[in-house]
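Student: I would like to learn how to read the packing and backbone features of a model, one feature at a time. Could we take the structure first and then talk through it?

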Amino acid sequence: MEVEACRNTSEEKVEDEVDDNPIEEVRLTVPITDDPTEPALTFRTWVLGLISCCILTFVNQFFAYRQNQLSISSISAQIVVLPIGKLMAATLPKTQIRVPFTKWSFSLNPGRFTMKEHVLITIFANCGAGGVYAVHIISIVKAFYHRTLHPVAAMLLAQTTQLLGYGWAGIFRKFLVDSPYMWWPANLVQVSLFRTLHEKEKREKGGHTRLQFFIMVFISSFGYYIIPGYLFQSISAFSIICWFSKDSILVQQIGSGLNGLGVGSFGLDWSTVASFLGSPLATPLFAILNVMFGFFLFVYVLTPIAYWSNTYQARRFPLISSHTFDAAGNTYNITRILNQKTFDINLPEYDHYSKIYLSVAFAFLYGLSFATLTATISHVALFEGKTIWKLWRKTTYVMKDNLSDVHTRLMKKNYEAVPSWWFHVILVLVVALSIFACEGFGKELQLPWWGVMLACTIALFFTLPIGIIQATTNMQPGLNVITELVIGYIYPGKPLANVAFKTYGYISMVQALNLLGDFKLGHYMKIPPKSMFIVQFFGTIVASTCYFTTAWWLLSSVEHICDPALLPEGSPWTCPGDEVFYNASIIWGVVGPLRMFTSFGNYAKMNWFFLIGLLAPFPVWWLSQKFPEKKWIKLIHMPMILGATQNMPPAKAVHFICWGTVGIFFNWYVYNKHKQWWAKHTYILSAALDAGVAFMGVILYFALQSHDIIGAAWWGLEASDHCPLAHCPTAPGIMAKGCPVL
């Protein structure tokens, strides 16, 4: 539906325009042409955009509860909708349809399928691919704490945390979108991909087009996934070393890819490769090498030294686990220290019971998260500080004197800007609904009104500085640790208040930056701003609704979901991501940072990681200044190295090993030996593999698993790596289920 009239109805001539954008990468990538008569928000945009958004939303939330959390990106939709859009342009009638009671009308087929339609459909799909963080709160309340949550409160939580970012985006879009110095490097990849996909492609003799290649890989991936997804689930993680010593805890700790160090472990399943870390095919080689180096240091140096030296009584607990434990080595009985009526901490019972203990790997992961935060700040200051300051000064100068580049001039000349009051109205309404969701419904979410306002203040304060960093360096320092610390100290003992505060304070900022990044993409692609806003707004509402509905349905229909002890053998519904979120709510919410990371708890020394992270980039920076001819030194990225294992758990050693192996093979060997093939097929291959696994996984569930048809009981059906002793403690006298007492 075309809802925005362009000011100019003829094709824009830009021969007299000069590409005066100050960023060389932008000048090399983004064209300075625009046709304002080209259809953008059409019937095809709405149909394909809504379908893409809903499919990605359902599939991603569906897989979020499974053992291997596959996440489908919007690139899959970006590739798939192109031939469908062209098919619709070739077959649909050009009938004009009038919208009842309005002056609007639209055509089912306004002509050829345009790049602007393609961009808006991808933005729609991206709303469905991004996830809704608040769903984690709903999951832990229903599946882990086993408490009721009013569905309206849950729905409002999902919607408001996603929509709150529109307010911050509206306030700062003048600085972070209109300025040519805020150039958002990641968007240039998308611009290049759109231009590549819309180039006319001829099939080489004996070769195939991108679409043909996509279909071949999709069919292969779809057919193959019945093996790891249903018939032979153990193929997802082979831990060969465990087979040689079935009675040795040490050997299984070393060899297990799911509960140990993963030496010699591998998987023959694309979801093992891409489930937790994303597709390695779309990850730059330098990032893969940094992550794998960080993984190697953590898993094969820090963790073994800490565990076998019994740091923090490590041998009382599993080697790697996201669970919480008591002093006796048992899983922490959280119901014992929670007031069941008020759902907050019972301090006398806590003092009588036990402090919380973590596996040594999980404890150091929190330390590394502290280090990653401060390392990001110092890394950006050292390596990008001068550039950021220079660009920011130029931005303020440009905004003050209303100067602009060619792209901003074209946008202002051809299209109406989104009125600021649109953003302001959304902000006021969403803040009011957020307070209502938290204060109403019997205060189930525990967060008082002042907590919502404080979270909004934090998000508002950090959106601009972090937006400047992301818009110039493609890095986004996370606020999750800051928000957890703030509310954990101010309002301890309230698990849902902690996670709700984190979501309102952190995710609303992330959403704002995602929206601003999309606006900049629309700026480069010359998308009418109002069309972009409408697609983002409705896409956010539709995606939030679908994520909530899918999660609520699965939590209500899958018996014993998220409880591996009660699930039938071979069931994939183990919820590894939500388990980590649940334990984080205990650590930061129920017990709080005061009783975890100070002298009142066991892990006060983890605070040293703030200083370690702050200092870590300095040696790399000094070397890069000392040896400027060694360009590779600047590719040593300390925040990436320190934060490499932030997804572990729920990601396990086997996921990192497979991800790194595949990524290095394609982005080093194939890239260097077969560069033309890599350029043409790599992203297509990634999207097709994702899509094949996703569609077969959904079909297997509805056709078989939802009817309790799990498959023939045999050794390979079990969704494990057959290293049952890898999770066992090794301290004398500690009893654990399924483990020998040493």
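Tutor: Let us begin with contact, which means heavy atoms within 4.5 Å. Helices (H or I, at least four residues) and strands (E, at least two) are DSSP runs, numbered from the N terminus. This is a predicted model, in which local features need pLDDT of at least 70 and side-chain atom pairs count only at pLDDT 80 or more, while totals for chains, interfaces and linings use all residues. Residues are numbered from 1 along each chain as its sequence is written, and side-chain values use heavy atoms, with hydrogens and water left out.

Student: Which residues of H6 and H21 meet?

Tutor: Leu157, Thr160, Thr161 and Gln162 in H6 are in contact with Thr503, Tyr504, Ile507, Ser508 and Gln511 in H21. Sorted by type, the residues of this contact are 3 nonpolar, 6 polar and no charged, where Ala, Val, Leu, Ile, Met, Phe, Trp, Tyr, Cys and Pro count as nonpolar, Asp, Glu, Lys and Arg as charged, and the others, Gly among them, as polar.

Student: At what angle do H6 and H21 pack, and how far apart are their axes?

Tutor: Two packed helices are described by the angle between their axes and the distance between the axes. Axes are lines fitted to C-alpha atoms, for helices over the stretch in contact, and angles run from 0 to 180 degrees between N-to-C directions. For H6 (residues 151–163) and H21 the angle is about 50° and the axes are 7 Å apart. The two helices are therefore oblique to each other, given that angles under 35 degrees count as roughly parallel, over 145 as roughly antiparallel, 65 to 115 as roughly perpendicular and the rest as oblique.

Student: What is the angle at which the axes of H2 and H28 cross?

Tutor: The axes of H2 (residues 43–64) and H28 (residues 675–703) cross at roughly 70° and come within 10 Å, and the pair is therefore roughly perpendicular. Their crossing is left-handed; a crossing is left-handed if the near helix is turned anticlockwise from the far one by less than a right angle, and right-handed if clockwise. On the H2 side the contact involves Phe58, Val59, Phe62 and Phe63, which meet Val693, Ala694, Gly697, Val698, Tyr701 and Phe702 in H28. The residues of this contact divide into 9 nonpolar, 1 polar and no charged.

Student: How many residues of H5 are buried, and what covers them?

Tutor: Buried means under 20% relative accessible area, exposed over 50%, and partly exposed in between (1.4 Å probe, protein chains only). H5 (residues 135–144) is mostly covered, with 8 of its 10 residues buried, among them Val135, Ile138 and Phe144. The cover of these buried residues includes H2, H6, H21, H22 and H23 (576–591). After H5 comes His146, with a positive phi near 55°.

Student: How is the aromatic pair of Phe232 and Trp714 described?

Tutor: A pair of aromatic rings is described by the distance of the centres and the angle of the planes. Rings of Phe, Tyr and Trp (its six-membered ring) pair if their centres lie within 6.5 Å, and planes under 30 degrees apart count as stacked, over 60 as edge-to-face and the rest as tilted. By this rule there are 61 aromatic pairs. Phe232 and Trp714 form a tilted pair, 5.0 Å centre to centre with 50° between the planes, and this pair links parts of the chain 482 residues apart. Phe232 is buried at 19%, whereas Trp714 is partly exposed at 40%.
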